[in-house]
Amino acid sequence: MIRSKRVVLAIIATGSPLVMAHHSLSGQFDTTKSFQITGVVSRVDWVNPHTQVYVDVKQANGSLVTYKLESLPVAMMRKSGLSKSDLVGEGRPVVIDAYPARGDTPHLGYLLHIKLPDGREIQFTKGPGTEQP
C-alpha cells in the first residue's frame, strides 16, 4: 500500500508541471476587450503549444515597440491557411486584432485576426463578447 502511494505521488509530482504549464485563454488574456495594431512582423516562433508572432509597431515619437502575440498551435495555424513564410519578410505592414494580456504586462496579446499585406484576412478566434470556438 505504501509503495503504491509513492508511485501515485511520483506520477503526480512529475506530471503536475505539464498540467500547470498550460493556461486557459481567459486566465491570461482579457477576452472582453481587444486592441488593434499595425506593424511589421519581426519574428515568428513557429512552435507548439502556441505560435508566437512579434510585431514592431512605430509609435508617434518614432520609436518602435514590439508586441508579442500568442496564437494557435502550428497545425491549427496551417489549417487556417497560414504559413510561417506568410508572416515574415519584406517589411510590409500587417493589421492585427488581439486580446490584451491581463495584469501589468504591456505589449502582450492573443492573436484574434490578421490582415496580411496581400489582402488576405484570417480570423483565428472570435472577438470580445462572443462565445469562444
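Author: We may begin with burial. A residue counts as buried when its relative accessible area is under 20%, as exposed when that area is over 50%, and as partly exposed in between. The model before you is a predicted one. In this model Asp 30 has a relative accessible area of 11%, so Asp 30 is buried.

Reader: Which residue does Asp 30 meet in a salt bridge?

Author: The partner of Asp 30 is Lys 33, and the N to O distance between their side chains is 3.7 Å. By the rule applied here, the structure has 4 salt bridges. Another of them joins Arg 43 to Asp 45, with the closest N and O atoms 2.8 Å apart.

Reader: Are Arg 43 and Asp 45 buried or partly exposed?

Author: Arg 43 is partly exposed, at a relative accessible area of 42%, whereas Asp 45 is buried, at 19%.

Reader: Which parts does the salt bridge between Arg 120 and Asp 86 tie together?

Author: The side chains of Arg 120 and Asp 86 meet at 3.2 Å, N to O. Arg 120 lies in the loop between S5 and strand S6 (121-123), and Asp 86 belongs to helix H4, so the pair links parts that are 34 residues apart in sequence. Arg 120 is partly exposed at 31% relative accessibility, and Asp 86 is partly exposed at 28%. Salt bridges with shared partners join Asp 86, Asp 118 and Arg 120 into one network.

Reader: Which residues touch the most other members of the largest nonpolar core?

Author: They are Val 55, Leu 87, Ile 96, Ile 114 and Phe 124, in a core of 29 residues. Among the elements that give two or more residues to this core are strand S2 (52-58), strand S4 (94-100) and strand S5 (108-115). S5 supplies the largest share, 5 residues. Leaving aside residues up to four places away in sequence, Ile 114 touches several residues, including Leu 87, Ile 96, Arg 120 and Phe 124.

Conventions:
Residues are numbered from 1 along each chain as its sequence is written. This is a predicted model: local features need pLDDT of at least 70, side-chain atom pairs count only at pLDDT 80 or more; totals for chains, interfaces and linings use all residues. Side-chain values use heavy atoms; hydrogens and water are left out. A nonpolar core is a set of buried Ala, Val, Leu, Ile, Met, Phe, Trp, Tyr and Cys residues joined through side-chain atoms within 4.5 Å. Buried means under 20% relative accessible area, exposed over 50%, partly exposed in between (1.4 Å probe, protein chains only). Helices (H or I, at least four residues) and strands (E, at least two) are DSSP runs, numbered from the N terminus. Contact means heavy atoms within 4.5 Å.
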